[in-house]
Amino acid sequence: IKRIFVKNGGNKMKMKEDFLEVSEKLNLKTNLKIKELEDFIFFLGIFQNFFSNKKLLKKNSEVAELLEKIFEIKFTKSDKKSRPLLLGKSIKYFYSNIEELYINNLLNKMYRILYLQSEEREEEETWESFLEELIKE
């Protein structure tokens, strides 16, 4: 087994290439056809980082509503009580539907969420007004 270690300025690009190569081999073993694997991994990292952040999205109901409206993922009432469950089911949805989903569409939706969330907003802005702004294209 090849071991990869990055020490004090080691070659991170080589490590990234090695991880992508191994991931491609795993995809072949599982018959999963992820065409743009690097972009998909990038999307999942940003997705997980954003939706896990309780300073940006305080309530699980906000997370669920955003995921349902933007990514069209359906959740049960009990799903909405647990953020890890919401995120786990979302990631499972992305993996299960990867052949029908276009990674560029996912990245564009995620970018729009991050962009609007990062803009300076008026104090009286509500969750509903944020969602309205997000949904209109």
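Colleague: If exposed means over 50% relative accessible area, buried under 20% and partly exposed in between (1.4 Å probe, protein chains only), which of these is E72, buried or exposed?

Modeller: E72 is exposed, because its relative accessible area is 55%. Bear in mind that this is a predicted model, where local features need pLDDT of at least 70 and side-chain atom pairs pLDDT 80 or more, while totals for chains, interfaces and linings use all residues. Numbering starts from 1 along each chain as its sequence is written, and side-chain values use heavy atoms, without hydrogens or water.

Colleague: Thanks! Where is E72?

Modeller: You'll find E72 in the loop between α3 and α4. Helices here are DSSP runs (H or I, at least four residues), as are strands (E, at least two), numbered from the N terminus.

Colleague: And what is its phi like?

Modeller: The phi of E72 is positive, about 60°, although E72 is not a glycine.

Colleague: On to the helices next to that loop. How do α3 and α4 pack?

Modeller: Their axes, lines fitted to C-alpha atoms over the stretch in contact, lie 9 Å apart, at an angle of about 15°. Angles run from 0 to 180 degrees between N-to-C directions. With under 35 degrees counting as roughly parallel, over 145 as roughly antiparallel, 65 to 115 as roughly perpendicular and the rest as oblique, α3 and α4 are therefore roughly parallel to each other.

Colleague: Which residues meet there?

Modeller: From α3 there are N60, V63, A64, L67 and F71, and they meet R83, L86, S90, Y93 and F94 of α4. Contact means heavy atoms within 4.5 Å.

Colleague: Tell me about N60. Is N60 buried or exposed?

Modeller: N60, which sits in helix α3, is buried, since its relative accessible area is 17%. Leaving out residues up to four places away in sequence, N60 touches K80, K81, S82, R83 and L86.

Colleague: What about α3 and α5, at what angle do their axes cross?

Modeller: Roughly 135°, and the axes of α3 (residues 60–71) and α5 (residues 103–118) come within 11 Å. That angle makes α3 oblique to α5. On the α3 side the contact is made by L66, I70 and F71, and on the α5 side by L106, K109, M110 and I113.

Colleague: Let's look at L106, then. Why does L106 count as buried?

Modeller: L106 counts as buried because its relative accessibility is 5%. This residue of helix α5 touches F43, F71, F94 and L101, if you skip residues up to four places away in sequence. F43 is 63 residues from L106 in sequence, yet their C-alpha atoms are 7.3 Å apart in space.

Colleague: And which residues does I113 touch?

Modeller: I113 touches F50, F51, L66, I70, F71, F130 and L134, again not counting residues up to four places away in sequence.

Colleague: Last topic, the largest nonpolar core. Which residues touch the most other members?

Modeller: That core has 30 residues, and F43, F47, F51, L66, F71, F94 and I113 touch the most other members. A nonpolar core is a set of buried Ala, Val, Leu, Ile, Met, Phe, Trp, Tyr and Cys residues joined through side-chain atoms within 4.5 Å.

Colleague: Which elements give two or more residues to this core?

Modeller: Those are α2 (37–52), α3, α4 (83–96), α5 and α6 (127–135). Helix α2 gives the most, with seven residues.
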